[in-house]
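Hello,

My notes follow below it.

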Amino acid sequence: MEIKILFDNAAADKKFSTGWGLSYLIDGDILFDTGDKPKPLLKNIKNAGVNISDIKRVVISHDHWDHTGGLWALLKENPKLKVYGCPDFSKSFKKKVKAAGCELIENDSFGEIRKNIYTTGSMAGKYLGLYLPEQSLVLKTPKGLTVLTGCAHPGIINIIEKVRENIAGNIYLAFGGFHLGNSFKKTIAKILEKFKELKIEKAAPSHCSGQKAMDMFKEEYGEDFIEIKVGDTIEI
Ligand SMILES: [Zn+2]
Ligand SMILES: [Zn+2]
């Protein structure tokens, strides 16, 4: 299986746009989140040599602008796209998907999206003190389980623990936003300790993980730290 990075903070090449948000393509046909704006995403898709019509499904982790920003332009280009959200996403989100003529699937609980690709289902997160539903993706390969997170508002460890409760196998890689940008060193160190305890083999924190956490993960993980750069394809 492969993950192609279509949008994030850093790029492998100048021809790609970067920014606040993320978008990862799994095996050429499932897109996880859509970055912050349509233009840079569409440009990166083109420059990465991806054909929009090959994308069949879009999974939106949570209803925040830096994850849904490119969605509406994609739906316009390809109204056959199936959109996977959570039941408690905003009314306006649901309305816009339906207005585009697209099918909306609302993932409440842990389940398979297609062979070897699972959603955690909606998990309760918090943002600015308010309830925020979010789902993460789980990819199953012979190496183990890879967990893709949007912003990890429900907490990166809570997400990993939900995955472990629902599916057998080692955690090979945790990949995406860990939401530790405002966390103290002590908190990050505790999370790192938990990562080791859970035997998470590789780590790829990005987006809202924050520089401090990224540096600490890099130091702890060494060769098993994966840098996320737009244009790169990660084999898992
Ligand atoms: Zn975010
Ligand atoms: Zn968010």
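Which strands do the buried residues of H1 pack against? They pack against E1 and E2. Contact here takes C-beta atoms, placed from the backbone, within 7 Å of each other.

First, the ground rules. This is a predicted model: local features need pLDDT of at least 70, side-chain atom pairs count only at pLDDT 80 or more, and totals for chains, interfaces and linings use all residues. Residues are numbered from 1 along each chain as its sequence is written, while chains are lettered from A and ligands numbered from 1 in the order in which they are written.

Helices (H or I, at least four residues) and strands (E, at least two) are DSSP runs, numbered from the N terminus. Two strands count as paired if DSSP finds at least two bridges between them.

The seven-stranded sheet

Seven strands make an open sheet. Their order is E6-E5-E4-E3-E2-E1-E15, and the pairing is mixed. Strand E6 (103-106) and strand E15 (233-235) are the edges, each pairing on one side only. Neighbouring strands are turned by 25° against each other on average, direction ignored. Axes are lines fitted to C-alpha atoms (for helices, over the stretch in contact), with angles from 0 to 180 degrees between N-to-C directions.

Strands E4 (residues 57-59) and E5 (residues 82-85) run parallel and are joined by three bridges. Val-58 stands opposite Val-83 in E5.

Helix H1

Helix H1 (residues 38-47) packs on this sheet. H1 touches strand E1 (2-7) and strand E2 (23-26), and its direction makes about 135° with that of E1. Pro-40, Leu-41, Asn-44 and Ile-45 are buried in H1 (20 or more other C-beta atoms within 10 Å of a residue's own; exposed is 12 or fewer, partly exposed in between; C-beta atoms placed from the backbone). These residues are on the same side of H1 because they cover an arc of only 135° around the axis. That arc is taken from the directions from the helix axis to the C-beta atoms. Lys-39 and Lys-46, on the other side of H1, are exposed. Just after H1, Gly-49 has a positive phi of about 75°.

The six-stranded sheet

Another open sheet has six strands, in the order E7-E8-E11-E12-E13-E14. Pairing is mixed here. Strand E7 (111-114) and strand E14 (202-206) are the edges, each pairing on one side only. The twist averages 20° from one strand to the next. Five bridges link E12 (residues 144-149) with E13 (residues 171-177), and these strands run parallel. Thr-149 has Gly-176 in E13 as its bridge partner.

Best wishes

Definitions and conventions. Contact = placed C-beta atoms within 7 Å.
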